[in-house]
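Subject: A structure for you to look at

Hi,

I am passing a structure on to you, and I hope you enjoy exploring it. Have a look at it first, then read on for what turned up.

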Amino acid sequence: MHRILQDKSLFRPHCLINGLWCDAADKSVIEVTNPANGKLLGHVPNCGEAEARHAVESAHAAFEVWQAKSPQERGAYLHAWEQAIHANLEDLARLLTLEEGKPLAEARAEILQGASYFPWYAEEARRVSGEVVPTFRHGTQALTRHAPLGVAAAITPWNFPMSMIPRKVAPALAAGCTAIVKPAGATPYSALALAELAVRVGIPAGVFNVITGNAGAIGAVITSSPLVRKLSFTGSTPVGRKLAAQCGPTLKRVSLELGGNAPFIVFDDADLDQAAAMAMGNKFRNAGQTCICANRFLVHKDVLDAFVRRLLHGIRGLHVGDGLKADTTMGPLIDAGAVAHVDALVRDAQEKGACRVTGGQPHSLGGNFYEPTLLTGLRPEMRIFREEIFGPVAAVMSFESEEEAIALANDTEYGLASYVCTRDMARVWRLWQGLHFGMVGINDAALASAETPFGGVKGSGLGREGGREGLLEYMETHYALLGGLTQA
Ligand code: NAP
């Protein structure tokens, strides 16, 4: 791996706890492989309870000093961290592609998007003002201020390591919290490269810690420790539910960014070229392994054929391969289990009557590659209608009325992203109100930004990342009542 990097010290096979690079106490390790070819990239420490407790205590010890700094002082570190990311963009992109599989262009875009959370929150923390609340009783004044929660723990998934971690850590540190990150076992090197840059820009020891290893053991310590005051988790709904329950006894603040089952609704008045381009970018980015990618295409019956033709044209233009190759536009899935899951959903759909327009099986490249797939005849009784696909499969069904489209869209336990293609502004307003999702993209699917609140409802989770809301997730409101203010 490090032969491919210009700056080899960005490849860090150790955890960062209390400012020191360390291994598991028993020296055990976990393997990290390249999903494009199955080759071993390296090992990272297989930490467990003891190391997790050490990380929690280190973050707790660092909290007093860090939270006492001014927002400007904390912000200066975050600005420097962002600049260090920009300065190392190419190496970070190669590292991300090697461990995650996405094409280099997508890796670069993800890293820049992730980096954008640092300056946003560095500046936003300067504007978190309290209030003097209008008096409710003579002789008193009521005041509020926002204080950091304390130690914040983040457990992150493999699909966007370079944006998920900044999304959580930038607001946490800006607010005055200290952070512990447990990255996904499949993609720890991106997190550890971010840690290397944090050390370089002088972020004080204990303020940002990264611990790799046994998810259950580390998660148990993080969720049960009374010193950890916040858990921010991004990952699957079953694991999110479990972690939220584990946090119950210590009553810590919890944010959960969980799975999705996004409807992508195309009305008969939509600009179909624009809708198809939007669908391609949304559905096949990261080989369909995004929480906000369209899971169910609902297309008005009068434009179904025209939309499917355009989507097919887009799919034929995809170039599947190793993400490091310049002409690759779609990489592999993360592992063999992901390929088996996607294939099982496609088979189930076909058995229940879906028509295969293209794709529909593991790719001839072998390994973790799957063919970009287009199915029509999607029905609610198919697994693919209910379950997160997390793969490059576009499944399309038709509808006849707006009411039917809304009912189909809402027929899911999830509520993360939704999409609508239409030129009718009155309909846009009705759909924004009618769709039970945390986010709706109207004629545009690029939802995530540092400036806007990203998150879901129902089985897609709690809390928001990005925007003003994302900062307050790491703060609590303190209230003071001043009495005895009657005039002498
Ligand atoms: P996952 O299996 O839930 O894993 C996510 C993280 O949780 C990983 O770091 C994993 O560690 C850890 N983990 C697993 N079991 C745990 C346990 N018992 N205790 C503590 N930690 C545990 O999800 P994934 O497959 O990595 O990611 C895909 C899922 O994430 C999809 O459902 C996707 O929709 C969702 N996602 C949501 C958003 C959003 O913003 N809503 C964004 C991206 C992804 P190991 O890797 O070491 O097992």
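Before we start, one term: two residues are in contact when they have heavy atoms within 4.5 Å of each other. Please also keep in mind that this is a predicted model.

**Helix 4 and helix 5**

With that term in hand, look at where helix 4 meets helix 5. On the helix 4 side you will find Gln113, Gly114 and Ala115, and they meet Tyr117, Phe118 and Pro119 of helix 5. Sorted by class, the residues of this contact are four nonpolar and two polar, with no charged ones.

How do we describe such a pair? Two packed helices are described by the angle between their axes and by the distance between those axes. For helix 4 and helix 5 (residues 117–124), the angle is about 10 degrees and the axes are 4 Å apart. Angles under 35 degrees count as roughly parallel, so helix 4 and helix 5 are roughly parallel to each other.

**Helix 4 and helix 6**

Helix 4 (residues 104–115) also packs against helix 6 (residues 161–175), at an angle of about 5 degrees and with the axes 8 Å apart. Helix 4 and helix 6 are therefore roughly parallel to each other too. Which residues of helix 4 and helix 6 meet? From helix 4 come Glu110, Ile111, Gln113 and Gly114, while helix 6 brings Pro161, Met162, Ser163 and Pro166. This contact has four nonpolar residues, three polar ones and one charged one.

**The ligand**

Next, find the ligand. It is surrounded by 28 residues, and Thr156, Lys182, Ser236, Leu258 and Glu388 are the closest.

- The side chain of Lys182 has an N or O atom 2.8 Å from an oxygen atom of the ligand.
- Glu257 has a polar side-chain atom 3.4 Å from an oxygen atom of the ligand.
- Leu258 uses its backbone instead: an N or O atom there lies 2.8 Å from a nitrogen atom of the ligand.

On its own, the ligand has 910 Å² of accessible area, and the protein covers 84% of that.

**Leu304**

Leaving aside residues up to four places away in sequence, Leu304 touches Val299, Val396, Met397 and Ser398.

Happy exploring!

Key
Residues numbered from 1 in each chain as written. Predicted model: local features only at pLDDT ≥ 70, side-chain atom pairs only at ≥ 80, totals over all residues. Heavy atoms only, no water. Axes fitted to C-alpha atoms, helices over the stretch in contact; angles between N-to-C directions. Helix = DSSP H or I, 4+ residues; strand = E, 2+ residues; numbered from the N terminus. Parallel < 35°, antiparallel > 145°, perpendicular 65-115°, else oblique. Nonpolar A, V, L, I, M, F, W, Y, C, P; charged D, E, K, R; others polar. Near = heavy atom within 4 Å. Polar contact = N/O pair within 3.5 Å; in protein donor to acceptor, adjacent residues only side chain to side chain. Areas by Shrake-Rupley, 256 points an atom, 1.4 Å probe, with all protein chains shown as cover.
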